Amino acid sequence: MARTDTRERILDTAERLFFVDGIGVTGVDRVASEAGVAIATLYQHVGSKDRLLTAVLDRRLAAWTAQWEASIAAAGSPRERVLALFDALVEFRRSSGTTQWCCFLATASERPRGVRAHDPVMALVEADTTALVERLRQLVDEAGIADPEVTVARLLVVYNGALASLLRGAPADPLTEARAIADALLPAS
């Protein structure tokens, strides 16, 4: 089997276990076992649990960014480009691996605040947050929406609330509802 195939299988398995069962409770021995590789093979590919988590998040961030950009490209107006964040969220959730909610929020919730300063895992969480805020701000600006800082802040609350609602098993689809709420927050075009 090719080295790349083995690495992808390890990353797929780790992603599923980390973000369904939890990062803290998932040991690398379990990841190796469920990926069908020896523990030594896992360490050859990723080096440590933190480096495994970093590789999973890095891959997930690239996939999310590509999905969001595709949704933006498919949008028909500047206003719809802002709302494409929520379209991307629905599509990404449908097409990506099973998780309880957002992998980046899950990771942040399991990392102690004291180790965040020089933590490569948290650097990826922060990169996700920064990219989200900056791209959303750009789209809001392009749409000519007044008071962009407030609009971006409100959209982020809706976005994060929708992701957190996935944990609660909301009666309605929180991602679809989030788009409707975001739509109502934006001025009519």
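**View 1. The cavity in the predicted model.** The structure holds 1 cavity of 30 Å³ or more. A cavity is a set of points, on a 1 Å grid over the protein atoms alone, where a 1.4 Å probe fits but cannot get out. Rolling a probe the size of a water molecule over the atoms shows where empty space is left. This is a predicted model, in which local features need pLDDT of at least 70 and side-chain atom pairs count only at pLDDT 80 or more, while totals for chains, interfaces and linings use all residues. Residues are numbered from 1 along each chain as its sequence is written, and side-chain values use heavy atoms, with hydrogens and water left out. The largest cavity contains about 180 Å³ of space; a volume is the space filled by probe spheres set on the points, and grid points are joined across faces, edges and corners.

**View 2. The lining of the largest cavity.** Lining residues have an atom within 4 Å of a point. The largest cavity has 16 of them, and Arg60, Leu89, Phe92, Cys102 and Leu163 lie nearest its centre. At least two lining residues come from each of helix 4, helix 5 (78–95), helix 6 (103–110) and helix 8 (148–168). Helices are DSSP runs (H or I, at least four residues), numbered from the N terminus. The lining has 11 nonpolar, 2 polar and 3 charged residues. Here Ala, Val, Leu, Ile, Met, Phe, Trp, Tyr, Cys and Pro count as nonpolar, Asp, Glu, Lys and Arg as charged, and the others, Gly among them, as polar.

**View 3. Aromatic pairs.** Rings of Phe, Tyr and Trp (its six-membered ring) pair if their centres lie within 6.5 Å; planes under 30 degrees apart count as stacked, over 60 as edge-to-face and the rest as tilted. By this rule there are 4 aromatic pairs. The rings of Phe18 and Phe19 are edge-to-face, because their planes stand at 80 degrees, with centres 6.3 Å apart. Trp64 and Trp68 form a stacked pair, 5.9 Å centre to centre and with 25 degrees between the planes. These two residues are 4 residues apart in helix 4 (residues 49–74), so about one helical turn separates them. Ring pairs also link Trp64, Trp68, Phe92 and Tyr159 into a cluster.

**View 4. Gln67 in helix 4.** Gln67 has its place in helix 4. Its relative accessibility is 18%, so Gln67 counts as buried (under 20% relative accessible area, with exposed over 50% and partly exposed in between; 1.4 Å probe, protein chains only). Leaving aside neighbours within four places in sequence, Gln67 is in contact (heavy atoms within 4.5 Å) with Ala88, Glu91, Phe92 and Ser95.

View 5. Val28, Val31, Ala32 and Ala35 are buried in helix 2 (residues 28–35). Seen down the helix axis, the buried residues of helix 2 fall within an arc of 95 degrees, so they line one face. The arc is that of the directions from the helix axis to the C-beta atoms. Asp29 and Ser33 are exposed, on the face turned away from the buried side. Gly36 follows helix 2 and has a positive phi, near 75 degrees.

**View 6. Glu80 in helix 5.** Glu80 is found in helix 5. With a relative accessible area of 28%, Glu80 is partly exposed. Not counting residues up to four places away in sequence, Glu80 touches Ala75 and Arg179. Glu80 and Asp183 are 103 residues apart along the chain, with their C-alpha atoms separated by 8.8 Å.

Key: 1 Å grid on protein atoms, 1.4 Å probe; cavity = no way out; pocket = protein on both sides within 12 Å on 5 of 7 lines; lining within 4 Å.
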